[in-house]
Amino acid sequence: MDDLQDVVRQFLEHDAELFGEEAYNRTLYERLVQHVHEKRRSPIDSSRITPERFQGTTSLRQLYESIRTCRNCPLGESRTNFVFGVGNPNADIVLVGEAPGAEEDRKGEPFVGRAGKLLNQILESVNFKREDVYICNILKCRPPNNRDPLPAEVSACEPYLHHQLDLINPKIIVALGRVAAQTLLRTKESLTRLRTRVHSYHNIPMVVTYHPAALLRNPNWKRPTWEDFKKLREMHDNLNTAG
Ligand code: URA
């Protein structure tokens, strides 16, 4: 990792620990790391992933191989693993979270921590297995301190999600949690409201539900989440009987 970038991050994270999240000046952080990042990028930088490098890939494996060394945003410098996605490459349903957490960063697989185990149970409660669906995140690399994705990081990473969706061609997307839903839909509408209707993302029907980590904090949300997943099961079965 770049020494200067490391120092900048540690400095700002230390401030955040001492003085709270507000002291973690995101704009400053983003500008500083971007600056350091630009400086160290040579004019012909082989780690730069251009659309030409990944948009022609025709399988998830090829796509993964073409982007796994990505350094297009500063998170590429701090990650342990690039967390691409896991599951059925022909899944009808793709579940999308916001970004990998600590456990996911360590293992290179999305939703493998406590929240992931709960997600597996929720899926099983409506007779889906983890292997039936495809699970991924908007960002493929972990943001420091699990903070929300920054707009620059979303812009850098979202084309990868689009290509994943093009290759999988699912019938339904599930946005897991407020941050994922608001980010994908470019809205500030509340999760409560977003849950009430079917949206469209990348021309695919998308539903929104609670993030499993939120259910660990507030078990009262387990029941409405289960209702959401029962509706998902119904939607899925209707699509399949319809054609
Ligand atoms: N939270 C997410 O949004 N994604 C993960 O992979 C893990 C936790």
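This short talk goes through the ligand site, the pockets and the cavity of the structure shown above.

Before I start, please keep in mind that this is a predicted model, in which local features need pLDDT of at least 70, side-chain atom pairs count only at pLDDT 80 or more, and totals for chains, interfaces and linings use all residues. Residues are numbered from 1 along each chain as its sequence is written, and side-chain values use heavy atoms, with hydrogens and water left out.

Let me begin with the ligand. Taking a residue as near when one of its heavy atoms lies within 4 Å, we find Gly97, Glu98, Ala99, Pro100, Glu104, Pro110, Phe111, Asn137 and His211 around the ligand. By class, that shell has four nonpolar, three polar and two charged residues, where Ala, Val, Leu, Ile, Met, Phe, Trp, Tyr, Cys and Pro count as nonpolar, Asp, Glu, Lys and Arg as charged, and the others, Gly among them, as polar.

On the side-chain side, an N or O atom of Asn137 is 2.8 Å from a nitrogen atom of the ligand. Of the 240 Å² of accessible area that the ligand has on its own, the protein covers 91%, with areas from the Shrake-Rupley method and a 1.4 Å probe.

On a 1 Å grid over the protein atoms alone, a pocket is an open set of points with protein on both sides within 12 Å along at least five of seven lines, a cavity is a set where a 1.4 Å probe fits but cannot get out, and lining residues have an atom within 4 Å of a point.

The ligand sits in the largest pocket, in the sense that more than half of its atoms lie within 2 Å of the grid points. That pocket holds about 710 Å³ of space, and among its 28 lining residues Glu98, His211, Ala213, Ala214 and Arg217 lie nearest the centre. Helices H6 (102–107), H7 (114–125), H9 (178–185) and H11 (212–217) each give two or more residues to this lining, and H11 gives the most, with four. The lining divides into 13 nonpolar, seven polar and eight charged residues.

The second largest pocket has a volume of about 330 Å³, and of the 13 residues that line it, Pro149, Pro151, Gln182, Thr183 and Lys188 are closest to its centre. Its largest share of lining, four residues, comes from H9.

Finally, what of the cavities? There is one of 30 Å³ or more, and the largest cavity contains about 100 Å³ of space. Of its 15 lining residues, those closest to the centre are Cys70, Cys73, Leu75, Cys141 and Cys157. Helix H5 (75–78) and H8 each supply at least two residues of the lining of the largest cavity, with H8 giving the largest share, four residues. By class, this lining has nine nonpolar, two polar and four charged residues.

Definitions and conventions: Polar contact = N/O pair within 3.5 Å; in protein donor to acceptor, adjacent residues only side chain to side chain. Points joined across faces, edges and corners; volume = space filled by probe spheres on them.
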